[in-house]
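Here are my notes on this model. Please read them with the structure open.

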Amino acid sequence: MDKKKIALVHIIKKELNLTDEEYRNILWDAAGVRSSKDLDEEKFKKLMNFFVRSKYYQVNELGLS
């Protein structure tokens, strides 16, 4: 997995103020892994799709909130 993509996952975790437990549960639920280091391209895409469709990112008139 590209280090930039792993960094992106960690940036999202920080922006969403996820606890480590919440983060690991999302990784498991969305991609079937417990660590971002275990992501491959397919699992990374599944994780990103999860974030886009989840309650964590809500679309409003100004964009993402």
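**Helix packing and two side-chain sites**

1. Helix α1 (residues 3–15) packs with α3 at an angle of about 25°, and their axes lie 12 Å apart. Axes are lines fitted to C-alpha atoms, for helices over the stretch in contact, with angles running from 0 to 180 degrees between N-to-C directions. α1 and α3 are therefore roughly parallel to each other (angles under 35 degrees count as such). Helices are DSSP runs of H or I, at least four residues, numbered from the N terminus.

2. From α1, the contact uses Lys-5, Leu-8, Val-9 and Ile-12; from α3, Glu-41, Phe-44, Leu-47, Met-48 and Phe-51. Contact means heavy atoms within 4.5 Å. Seven of these residues are nonpolar, none polar and two charged. Ala, Val, Leu, Ile, Met, Phe, Trp, Tyr, Cys and Pro count as nonpolar, Asp, Glu, Lys and Arg as charged, and the others, Gly among them, as polar.

3. This is a predicted model: local features need pLDDT of at least 70, side-chain atom pairs count only at pLDDT 80 or more, and totals for chains, interfaces and linings use all residues. Residues are numbered from 1 along each chain as its sequence is written, and side-chain values use heavy atoms, leaving out hydrogens and water.

4. Ser-36 sits in the loop between α2 (20–31) and α3 (41–53). Is Ser-36 buried or exposed? Ser-36 is buried, at 2% relative accessible area (buried is under 20%, exposed over 50%, partly exposed in between; 1.4 Å probe, protein chains only). Beyond neighbours within four places in sequence, Ser-36 contacts Ile-6, Val-9, His-10, Tyr-23 and Leu-27.

5. Phe-51 is buried at 3% relative accessibility. Phe-50 is partly exposed at 29%.

Notes. Angles under 35 degrees count as roughly parallel, over 145 as roughly antiparallel, 65 to 115 as roughly perpendicular and the rest as oblique.
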